Amino acid sequence: MKASQTLKSISRERLFLLLRTALSTQSYRFARQASLLWLSAYSGDLEVGCILAQALSGEGKREQAIKILERLVEVDPEFSEAHDALCK
């Protein structure tokens with residue numbers, strides 16, 4: 001089964017559990033790859049975009065993370081998670 005097919009069979013709730021676990025265990029590469037795969041199918045998912053930024057930051061790619069967070073705030077100025085992450 002391809003990764004994109006597996007992705008379609010996973011619930012958003014389970015994805016968040018996986019992504020948050022990956023971040024908490026510093027498995028940033030997994031969080032980044034899973035987020036990118038999800039976003040390739042659901043590009044407007046702001047929360048997954050924020051998790052992608054956190055994963056990139058954990059990998060030391062802060063400039064990329066900041067660009068993503070700024071784009072998220074531009075799309076939704078009231079998205080507090082992105083604002084909070086930018087302040088860190």
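# Exercises on packing and charge

**Exercise 1.** List what leucine 19 touches, not counting residues up to four places away in sequence.

*Solution.*
- Set the cut-off: contact means heavy atoms within 4.5 Å.
- Apply it to leucine 19: the partners are Ala31, Ala34, Ser35, Val48 and Ile51.

This is a predicted model: local features need pLDDT of at least 70, side-chain atom pairs count only at pLDDT 80 or more, and totals for chains, interfaces and linings use all residues. Residues are numbered from 1 along each chain as its sequence is written, and side-chain values use heavy atoms, leaving out hydrogens and water.

**Exercise 2.** Find the members of the largest nonpolar core that touch the most other members, then find where the core residues come from.

*Solution.*
- A nonpolar core is a set of buried Ala, Val, Leu, Ile, Met, Phe, Trp, Tyr and Cys residues, joined through side-chain atoms within 4.5 Å.
- Buried means under 20% relative accessible area; exposed means over 50%; partly exposed lies in between (1.4 Å probe, protein chains only).
- The largest core has 25 residues, and Leu19, Val48, Leu69 and Leu72 touch the most other members.
- At least two residues each come from helices H2 (12–24), H3 (28–41), H4 (46–58), H5 (62–75) and H6 (80–87).
- H4 gives the largest share, 8 residues.
- Helices (H or I, at least four residues) are DSSP runs, numbered from the N terminus.

**Exercise 3.** Work out the surroundings of arginine 32: is this residue buried or exposed, and what does its side chain meet?

*Solution.*
- Arginine 32 sits in helix H3.
- Its relative accessible area is 18%, so it counts as buried.
- Leave aside neighbours within four places in sequence: arginine 32 then contacts Leu52, Ala55, Leu56, Glu59 and Lys61.
- With glutamate 59, the contact is a salt bridge between side chains (2.7 Å, N to O).
- A salt bridge puts a side-chain nitrogen of Lys or Arg within 4 Å of a carboxyl oxygen of Asp or Glu.
- The pair links distant parts of the chain, 27 residues apart: arginine 32 is in H3, and glutamate 59 is in the loop between H4 and H5.
- Glutamate 59 is partly exposed, at 26% relative accessibility.
- Glutamate 59 also forms a salt bridge with lysine 61 (3.8 Å, N to O).
- Lysine 61 is partly exposed, at 32%.

**Exercise 4.** How many salt bridges does the whole structure hold, and which one involves glutamate 47?

*Solution.*
- The search finds 4 salt bridges.
- Glutamate 47 pairs with arginine 12; their closest N and O atoms are 2.7 Å apart.
- This pair also links distant parts of the chain: glutamate 47 is in H4, arginine 12 is in H2, and 35 residues separate them.
- Glutamate 47 has a relative accessible area of 29%, so it is partly exposed.
- Arginine 12 is partly exposed too, at 34%.

**Exercise 5.** How many disulfides are there, and how do cysteine 50 and cysteine 87 stand in accessibility?

*Solution.*
- A disulfide needs a pair of cysteine sulfur atoms within 2.5 Å.
- The structure holds 0 disulfides.
- Cysteine 50 is in no disulfide; the nearest cysteine sulfur belongs to cysteine 87, 12 Å away.
- Cysteine 50 is buried because its relative accessible area is 1%.
- Cysteine 87 is exposed because its relative accessible area is 69%.
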